[in-house]
Amino acid sequence: MLGAAAAGGLGLGTFLQPCVADELAKNDKQVLLIWLDGGMSQLESWDPKPNTEFGGPFRAIPTSVPGIHVCELLKHTAKQMHHLAVLRSVCTQDNSHSAGVARINRGDPKNRGVEYPYLGSAVAKLLGPTSSGMPPYIWIKPNSGGFKASDAGFLGAKYGALALGDGKPPENLLLNKSISSEEDELRNELRRKFNDRYAVGRRTEWTDANSYVYELAQKLMKRDDLFDESSFTDKDRQRYGTHELGRHLLLARRTLETGVRFVKVNSYHWDSHGDNFNASESLISQFDQPFAALIEDLHQRSMLDNVLVIVMSEFGRTPKINSHVGRDHWPEAWSIAMAGAGIRKGVVVGKTNDQGTFVEDKPYDIGHLFHTWFKAMGVPPDKMEYDNQGQPLPVAHDDCGPIAELLV
Amino acid sequence: MNHRFEVMASPMTTTASQRVIRRLKALKAYATLIPIRLLPVEFLVSNARLIKLFSTTFDVGEVSVKRYRLSQKVVCGLMATVMIMPVLHADERLLPVRMDELVAAGFAGQQPAPLADDAEFLRRIWLDLAGRIPTSDDTRHFLDDTDPDKRSRMIEQLLAAPTYAQRMQELFHVVLMERRGDHEKWKQYLHNAFERNKPWDQMVREVLNPDPQDENRRGAAFFYAKRIEANGQNPIDHPGLTRDVGRLFLGADLQCAQCHDHLFIDDYKQRDFQGLYSVYLNLSAKNGPDIPAVTEKPMKKKLEFISVFDPTQNETGPRIPFGSEIPIPEQGKDAAPVSMLALLASELPTAQTALFRKNIANRLWFLMMGRGLVHPLDLHHSDNPPSHPELLDLLASEIVAHQYDIKWMLRQLALSQTYQRSSRYPIASANADSAAASMNVEQVRPQSYLLANEKRMMAEQLLHSTLRATGNFERLQQATVDGKPNAELTELTRRFVAAFANEPREPEDQINPSVKGALFSLNDDLVLQLLSRRSGNLIDRLLAMTSDELLADELYLSVFTRRPNNEERNELVAWLTKHNDRREKAIANWAWSMLTSMEFVVNH
């Protein structure tokens with residue numbers, strides 16, 4: 001198959017040193033990004049401040065790591081804390097939804113008049129598919145699915161996400177009944193031969209891109225079992241929960257098992273401007289149960305050293321409780337949790353002040369986190385850049401660097 | 001600019017005229033640009049008629065007759081060969097020649113690809129001007145035609161064909177609406193405009209100030225109406241409309257200048273956005289049941305705005321971006337209110353607006369050459385200069401001199417060597433050489449025009465071409481008895497657009513392979529059915545062929561718009577022999593592989 005060749009030719013960015021390319025061709029690191037659209041209250045999750053002015057009604061509970069406490073709404077996750085790292089000193093720039101979603105997802109790079117890719121598209125471009133040959137970027141989301149090109153920014157649509165709407169397969173996934181699988185092999189062999197002939201004497205950029213999407217399509221056609229929810233065990237369903245986020249994280253586990261490079265799972269409506277404490281109790285519990293199950297499973301399957309797991313939002317929520325008993329948008333001081341490949345286990349990095357209003361030590365922006373994650377995945381950002389039609393562009397904010405305390 | 005021509009007309013034998021053509025060719029490539037025609041003598045009765053004939057047929061501007069050695073007496077009853085020779089003054093040479101020179105000045109010693117062969121040229125010009133590939137018969141006829149002037153003739157033929165207006169309608173619909181949706185009246189408006197070769201500045205005036213009373217123009221309101229229609233709880237997108245007017249008609253994306261002077265593009269100021277925005281804030285959609293329409297509230301005062309970086313209060317009246325503020329006219333109590341849209345329409349699309357003329361020149365260049373002189377097309381500013389500034393200036397002033405004649409400009413572009421260049425370097429015979437050649441190819445930048453750039457096929461081009469190639473075009477073009485479009489065609493169009501078009505609001509300015517498109521081509525049942533035998537379609541024709549060699553020719557001419565080479569012919573014959581028990585399926589699978597390969601899905 002051409003999978004490996006396609007990955008070698010296309011998946012990789014422009015390298016200043018060829019040896020880096022060789023190293024990356026062997027890289028089978030994977031990523032799971034859990035995107036909580038809006039903002040999860042850091043005070044009701046990773047950075048509780050019980051018995052303070054803005055602390056709210058919930059208690060802090062001990063975790064599997066002595067000395068680290070999280071909010072009681074994370075009661076399952078607390079038992080997995082020895083696998084996790086939490087950064088409590090996140091300080092970002094934007095407090096509005098419209099700009100915040102894209103800004104965080106793109107790693108808020110320096111503005112050079114181009115639209116940067118979301119993290120998933122960036123990884124699809126920089127690392128390409130794993131040796132499994134599966135599409136590099138799958139997005140599990142509520143509602144409609146399809147092919148979402150917009151995440152790819154200037155990288156172009158082929159690095160966009162293949163979205164499974166509520167976990168369902170994309171259109172035209174099954175081999176047409178009028179074609180036998182033997183015929184399918186033969187016709188595609190011919191197609192490749194015609195393409196090879198066409199490419200002689202021409203720039204190969206578009207021919208490569210075309211071959212690449214066909215390889216992905218064919219790989220996907222062979223893995224239609226991915227979409228069969230009935231094959232999960234009852235025990236798994238109980239552990240993850242039958243609610244939307246629970247089902248989607250269970251599907252994410254299987255998607256990672258099939259070798260997809262980057263899986264994004266979206267959960268919506270994290271926006272408790274009113275009635276924050278009841279809303280958080282409901283939302284965070286829905287996250288806590290399947291997330292803890294997933295970390296446990298990845299560990300048991302010896303996948304956690306290979307899979308980088310990230311939990312993030314657009315921003316945190318205001319420490320100050322508003323007149324609707326809600327918390328508003330707060331980019332100044334919030335938390336992001338992560339685990340797995342390249343990340344230290346059982347640590348909390350950074351600190352907010354006693355009231356949780358501002359970061360007390362060094363604040364970190366999303367640019368630092370992108371550097372950290374690229375490094376954790378084995379992508380050295382200082383040696384790599386994008387080539388946007390001749391314009392060299394750094395893969396993450398030039399003024400930031402990785403956060404050493406989070407890295408193994 | 002008008003070119004001066006020397007006209008020489010005399011009764012001449014064919015041999016003699018061929019000799020003259022050869023002599024002209026020796027004077028470089030100009031001969032291909034010089035119309036040489038055999039004309040019946042009745043056209044040649046007077047200077048006036050001759051001049052009229054040439055200026056309308058060849059659109060060469062004003063012809064001044066220098067020499068006209070022809071007396072009615074002499075030519076009576078004969079055919080005459082008429083030659084028009086351009087007078088080669090430094091600044092009055094034909095535009096395509098000057099374009100090529102300015103492009104060649106940027107080659108920096110690198111070798112451009114040779115001119116495309118006839119088949120490559122034919123496929124490209126059909127896709128660009130007719131929106132689909134030619135039939136196998138059209139192709140055979142063109143390839144076998146020995147007339148040295150056949151390319152210019154083909155360009156003329158396609159510009160004059162009814163397919164031109166349809167192609168331009170589909171193309172400009174996607175350029176201007178960016179897949180937001182379509183409307184029957186808008187379709188009619190665009191089709192009508194291109195059928196009559198309406199000047200671009202007039203079209204833009206009609207779009208910027210739609211007239212609901214005028215039957216022929218009211219569809220133009222769709223450009224505004226669709227953009228500002230209500231969309232759930234979202235605010236009406238006046239900023240988006242303002243942005244698009246800047247992007248599409250001035251080549252300037254002012255989005256960031258909505259809230260502050262652009263941080264990285266010094267040319268884009270907040271007042272430029274706000275001045276245009278002040279007009280559009282008064283606009284609302286008023287769509288009737290069948291007609292798109294907008295209404296405008298009179299503007300009473302200036303628009304106040306502040307920068308997010310600077311709390312100073314600013315204000316502006318209507319403003320053409322990068323121009324000066326236009327005073328708000330007194331709105332008389334009894335008089336009809338002064339329309340700001342009318343003001344905009346009279347001020348923006350004019351030769352005085354430099355970005356207006358450059359934008360259309362750049363966009364037409366992009367359509368034909370696959371890469372904007374300014375690229376991206378909507379980021380025209382001093383820090384993103386054109387790759388060939390002199391060339392852009394030349395094109396912009398020429399299109400103004402020719403009254404924004406789109407058809408004229410497309411002809412000039414099509415006649416250039418830059419357009420007619422091959423999209424590949426010749427295949428070297430020795431392996432070592434070809435390796436070196438392909439190293440070179442990878443380093444060729446699209447803005448060098450050393451090679452013809454490969455262009456994206458729009459979903460519509462791909463559909464029409466697929467139907468043409470598979471011999472299903474005529475069948476599906478026929479409307480049903482009650483006058484509605486064929487249901488299968490409607491469904492195929494929907495599916496092709498879903499599989500190959502960009503998301504709404506994304507310009508379709510580059511090739512964009514996707515897993516979605518691949519899965520569609522691999523498995524969609526309607527597409528695969530185009531390749532099952534049906535009376536008169538490709539598979540049916542091929543099965544009726546008397547030899548496999550003839551079959552190979554017909555198949556390659558139908559799908560790839562060229563004859564197969566020997567290797568390809570032999571391969572296909574061997575394939576058919578091997579799968580002789582399932583001949584129809586074997587042919588269909590071979591055709592499918594051609595239809596899904598790069599040679600078919602890209603305009604090269």
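This is a predicted model: local features need pLDDT of at least 70, side-chain atom pairs count only at pLDDT 80 or more; totals for chains, interfaces and linings use all residues.
**Helices, sheets and a contact between two chains**

The axes of helix H15 (residues 354-369) of chain B and helix H17 (residues 406-415) of chain B come within 10 Å and cross at roughly 45 degrees. On the side of H15(B) the contact is made by Leu364(B), Trp365(B) and Met368(B), while H17(B) brings Ile406(B), Met409(B), Leu410(B), Leu413(B) and Ala414(B). Sorted by class, the contact of H15(B) with H17(B) has eight nonpolar residues, with no polar and no charged ones.

Strand E6 (residues 303-307) of chain B and strand E7 (residues 310-316) of chain B are antiparallel and pair over four bridges, and a hairpin of two residues joins E6(B) to E7(B). Within this pair, Phe305(B) has Asn314(B) in E7(B) as its bridge partner.

Strands of a sheet pair through backbone hydrogen bonds, and they may do so in a parallel or an antiparallel way. In chain A, nine strands form an open sheet with mixed pairing, in the order E7-E8-E6-E9-E2-E10-E13-E5-E14. At its edges lie strand E7 (146-148) and strand E14 (347-349) of chain A, each of which pairs on one side only. From one strand to the next, the twist averages 20 degrees. Helix H9 (residues 244-257) of chain A packs on this sheet, where it touches strand E2 (30-38), E6, E9 and strand E10 (307-313) of chain A, and its direction makes about 170 degrees with that of E9(A). Strand E6 (residues 137-141) of chain A runs parallel to strand E9 (residues 262-270) of chain A, and four bridges join them; in E9(A), Phe262(A) is the bridge partner of Tyr137(A).

Finally, one can look at where the two chains meet. The contact takes 40 residues from chain A and 43 residues from chain B. On the side of chain B that touches chain A, at least two residues each come from helix H19 (431-443), helix H23 (515-523), helix H24 (525-529), helix H28 (583-595) and helix H29 (598-601) of chain B, and H23(B) gives the most, with eight residues. By class, the residues on this side of chain B are 23 nonpolar, 11 polar and nine charged.

Technical notes:
Residues are numbered from 1 along each chain as its sequence is written. Chains are lettered from A and ligands numbered from 1 in the order in which they are written. Two residues are in contact if their C-beta atoms, placed from the backbone, lie within 7 Å. Ala, Val, Leu, Ile, Met, Phe, Trp, Tyr, Cys and Pro count as nonpolar, Asp, Glu, Lys and Arg as charged, and the others, Gly among them, as polar. Two strands pair if DSSP finds at least two bridges between them. Axes are lines fitted to C-alpha atoms, for helices over the stretch in contact, and angles run from 0 to 180 degrees between N-to-C directions.
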